[in-house]
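Grab a pencil and keep the viewer open. Each exercise below gives you a task and then walks through it step by step.

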Amino acid sequence: MQEQQFFEERLTKSVGQFDITGKTLLMPDMSPFGSRLLTSCFRAYGVPAQVMPTYDGLELGKEYTSGKECFPCQVTLGDVLYYLRQEKERLGSEFSPEDYVYFMPEADGPCRFGMYNKMHRLVLDKFPEFEDVNITYLSSTDTYSSSMIMPEEKSKLFRRLAYVATIISDVLDRVVWRVRPYEKVPGETDAFMEDALQEMRDKIESIGESRDFNALYTLLEDIVKRAKKMMDPDKPRRPLIGIIGEIYLRTHPQSNQHLIKEIETYGGEVVDASLGEWFNFVAYSNLRDTRRKWTQSWKKGDIQGMFSASRKWLDYQIEIKYQLWRQDQTYARARKHLDIHEDHRIASLENRLDNDRLFNFDIGTEAAISIGGALEYVHENYDGVVNVFPFTCMPSTICSAILKPILLEKKVPYLDASYDGSIQPNRELAIRTFMYQAQQRQSRRNQAKKG
Ligand code: SF4
């Protein structure tokens, strides 16, 4: 009983949403642009956040897990253990665990991601020197509101800046995927974008709490214009490959063994599902939930319940409208100069599912947007689809079961790419075969166009 109480306390008091002002926020690396720009948003609001080096601690992550956890859990655990150990070694007796807060967001639903932060707590507690490193999170249940981790008056504006920064990171990714396969000088795009990322980080930190989004858009336009100059206009268009799947695996290059670059090496141009798509999906799902709650309250004659659901519905509507407006604005500024691919609308992904009666948003999970996203790629004439996920991931396995037969029937090349940190000897062969099929599909399409 005492033991149970002890754990309950650890999992509620040392994993929670509390004011992080002045603490060093430790951000796990995920999407290279996304994690770094989000860190800069925290810094703009006075939180000295930093992205932890990634993947160096994988052995540690594996050592302190049982093997039943999914791969992102092992990678992120390894990152924080490795970082804290390095910090302790660097600072010696000056190391003060209370100065750090480890940031591990969560989501509801069947995905164990919602439990990572608790599990990481239990592992950190095995090291007495890390017991006082608290863990904080933002949660999908309230569309990642930051109102509990920073002063109320700052939190709404912070969330808006963080959303815009996320969309900017999506655009920067799309610029890389559009330019790099056609670059005149090999390696030039990556080198340029590294500097461009730093410029954007500096800009976000310098605008601080001023909400001068226009300054960010102006810089974004400038980056896009400069990136475009690196393209060789004489290089023929490559087969277009759409990536769907689990968000961490598809955006963390080390975990997916640099899949995008590998597809490019074998002749493809890639578009990965965006981070913005996930945030829009979370807001959209919460809106659907409030609609369901309103109906339930109406059936029970619960006026108070109907009133509270209506208020929440209105809040989510405003938030979604705001998000889509900002997303369109950001993409438009970039697309003035370069034809990067637009992002999918969540409502049209839902329509794709309903039209084909394959899956339903009521079932939820990332499978909803992955299946819808893959069908949208097919509708947009992509030449192949890759589903990227942690080995044994349940929603992604559902995607695979649903998509494989459909895409086979539509003659669209499809590849499952699961990862657990090990090297698969036949992976390269699978990608090369897939790319050969994608090239054939592209030539068939081109011939059909010519008539
Ligand atoms: S395997 Fe997939 S569904 Fe399961 S916890 Fe990991 S990401 Fe979530």
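**Exercise 1. Domains**

Which domains does the domain assignment of the protein give?

Step 1. Before you start, note that this is a predicted model: local features need pLDDT of at least 70 and side-chain atom pairs count only at pLDDT 80 or more, while totals for chains, interfaces and linings use all residues. Residues are numbered from 1 along each chain, as its sequence is written.

Step 2. The assignment lists domain 1 (2–149) and domain 2 (236–273 + 344–451); such bounds come from an automatic or database domain assignment.

Step 3. Taken over C-alpha atoms, the centres of domain 1 and domain 2 are separated by 31 Å. Their contact takes 15 residues from domain 1 and 18 residues from domain 2, where two residues are in contact if their C-beta atoms, placed from the backbone, lie within 7 Å.

Step 4. On the side of domain 1 that touches domain 2, α2 (32–44) and α4 (71–91) each supply at least two residues. The most comes from α4, with three residues. Helices here are DSSP runs (H or I, at least four residues), as strands are (E, at least two), numbered from the N terminus.

Step 5. Sorted by class, that side of domain 1 has 10 nonpolar, four polar and one charged residues. Ala, Val, Leu, Ile, Met, Phe, Trp, Tyr, Cys and Pro count as nonpolar, Asp, Glu, Lys and Arg as charged, and the others, Gly among them, as polar.

**Exercise 2. The ligand shell**

Find out which residues surround the ligand.

Step 1. The list reads C70, C111, R112, F113, E246, P390, T392, C393, M394 and P395; a residue is near a molecule or strand if its C-beta atom, placed from the backbone, lies within 6 Å of it.

Step 2. Now look at where they come from: domain 1 and domain 2 each give at least three residues to the shell.

**Exercise 3. Two helices against α12**

Describe how α6 and α8 pack with α12.

Step 1. Start with α6 (residues 152–179), which packs with α12 at an angle of about 35°, the axes being 10 Å apart. Axes are lines fitted to C-alpha atoms, for helices over the stretch in contact, and angles run from 0 to 180 degrees between N-to-C directions.

Step 2. In this contact, Y163, V164, I167, I168, V171 and V175 of α6 meet Q323, R326, Q327, T330, Y331 and A334 of α12. By class, that makes eight nonpolar, three polar and one charged.

Step 3. Next comes α8 (residues 213–228), with an angle of about 35° to α12 and axes 8 Å apart. From α8 the contact uses Y217, L220, E221 and V224, and from α12 it uses T330, R333 and A334. Four of these residues are nonpolar, one is polar and two are charged.

**Exercise 4. Buried or exposed?**

Work out how H341 and S206 are classed.

Step 1. H341 sits in the loop between α12 (303–335) and α13 (346–356). It is partly exposed because 19 other C-beta atoms lie within 10 Å; the cut-offs are 20 or more for buried, 12 or fewer for exposed, and partly exposed in between, with C-beta atoms placed from the backbone.

Step 2. Not counting residues up to four places away in sequence, H341 touches R174 and V271.

Step 3. S206 belongs to helix α7 (residues 188–207). With 12 other C-beta atoms within 10 Å, S206 is exposed.
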